[in-house]
Amino acid sequence: MSTPEAEIQNPKRLVVATGNPGKLREMQAYLDDLGWELQLKPPELEIEETGETFTENACLKASAVALATGQWAIADDSGLEVDALDGAPGIYSSRYGKTDTERIERLLGELGNELNREAQFVCVVAIARPDGAIALQAEGICRGEILRAPRGTKGFGYDPIFYVPDQRLTFAEMTPEMKRRYSHRGKAFEALIPQLSQLKGVQSD
Ligand code: IMP
């Protein structure tokens with residue numbers, strides 16, 4: 001069995017602080033290639049998102065899971081900010097309705113015939129050490145537009161109404177590889193990955 005010291009020497013296993021299978025699939029894809037093994041947090045471990053920003057929530061989720069499991073942990077906090085709704089639903093994106101369909105309908109209802117459809121997805125990823133201290137964090141943003149009706153069947157959450165003009169596709173019409181490349185989560189991981197190798201480098205010195 002590995003000791004906490006051994007985990008610090010070789011933090012190749014990360015406990016993921018999410019119960020969202022869509023997010024887990026995407027996070028796994030970014031880290032698998034680098035040989036990082038992801039492990040789901042214990043299902044009974046519920047963490048309340050009491051922060052007021054994506055960064056606060058990502059850090060509090062990563063710290064809480066690390067402390068509860070005594071292992072390195074990773075969390076992302078993400079959401080959709082709609083310009084004409086003053087950034088709503090923002091950190092409340094997952095609490096905007098009970099199901100993805102309800103959340104999409106509520107957002108489309110609130111936006112109505114508004115002509116300014118501009119929006120952005122934001123993602124903050126945080127990694128915590130077994131003692132709960134935050135070791136790394138990174139942010140990614142993807143700008144786009146909210147369509148008037150859903151398009152596409154892939155992905156999860158608000159993907160079918162989030163249109164990326166440069167690609168002429170919604171997130172739900174993109175292949176997983178395309179979404180990995182253009183999404184807020186993809187950009188956050190792109191910023192995080194060089195820091196991850198630095199973390200390993202520092203520890204193997
Ligand atoms: P949280 O980070 O667990 O608070 O959840 C963020 C919520 O934002 C998710 O439940 C989704 O509704 C939405 N969201 C975050 N990232 C994405 C994405 O890549 N596609 C679609 N919806 C997303």
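This is a predicted model: local features need pLDDT of at least 70, side-chain atom pairs count only at pLDDT 80 or more; totals for chains, interfaces and linings use all residues.
Gly144 touches Arg117, Glu118, Ala119, Phe162, Tyr163 and Pro165, once residues up to four places away in sequence are set aside.

- Although Gly144 and Val82 are separated by 62 residues in sequence, their C-alpha atoms are 9.5 Å apart in space.

**Arg117, a buried charged residue**
- Arg117 sits in the loop that runs between α4 (100-111) and β4 (118-128).
- Beyond its neighbours within four places in sequence, Arg117 is in contact with Leu108, Leu111, Gly112, Gly144, Glu145, Ile146, Leu147 and Arg148.
- Arg117 is buried but forms no salt bridge, since the nearest side chain of opposite charge, that of Glu114, is 7.2 Å away, whereas a salt bridge requires the charged atoms to be within 4 Å.
- The side chain of Arg117 does, however, reach the backbone oxygen of Gly112, at 3.0 Å.

**The cysteines**
- A disulfide is a covalent bond that joins the sulfur atoms of two cysteines.
- The structure holds zero disulfides, and Cys123 is accordingly in none, with the nearest cysteine sulfur, that of Cys142, lying 11 Å away.
- Cys142 is likewise in no disulfide, its nearest cysteine sulfur being that of Cys123.
- Cys123 is buried, with a relative accessible area of 0%, and Cys142, at 2% relative accessibility, also counts as buried.

Key. Residues are numbered from 1 along each chain as its sequence is written. Side-chain values use heavy atoms; hydrogens and water are left out. A disulfide is a pair of cysteine sulfur atoms within 2.5 Å. Buried means under 20% relative accessible area, exposed over 50%, partly exposed in between (1.4 Å probe, protein chains only). Contact means heavy atoms within 4.5 Å. Helices (H or I, at least four residues) and strands (E, at least two) are DSSP runs, numbered from the N terminus. Lys and Arg count as positive and Asp and Glu as negative; His and the chain ends are not counted. A polar contact is a pair of N or O atoms within 3.5 Å; within protein, one must be able to donate a hydrogen and the other to accept it, and residues adjacent in sequence count only if both atoms are side-chain atoms.
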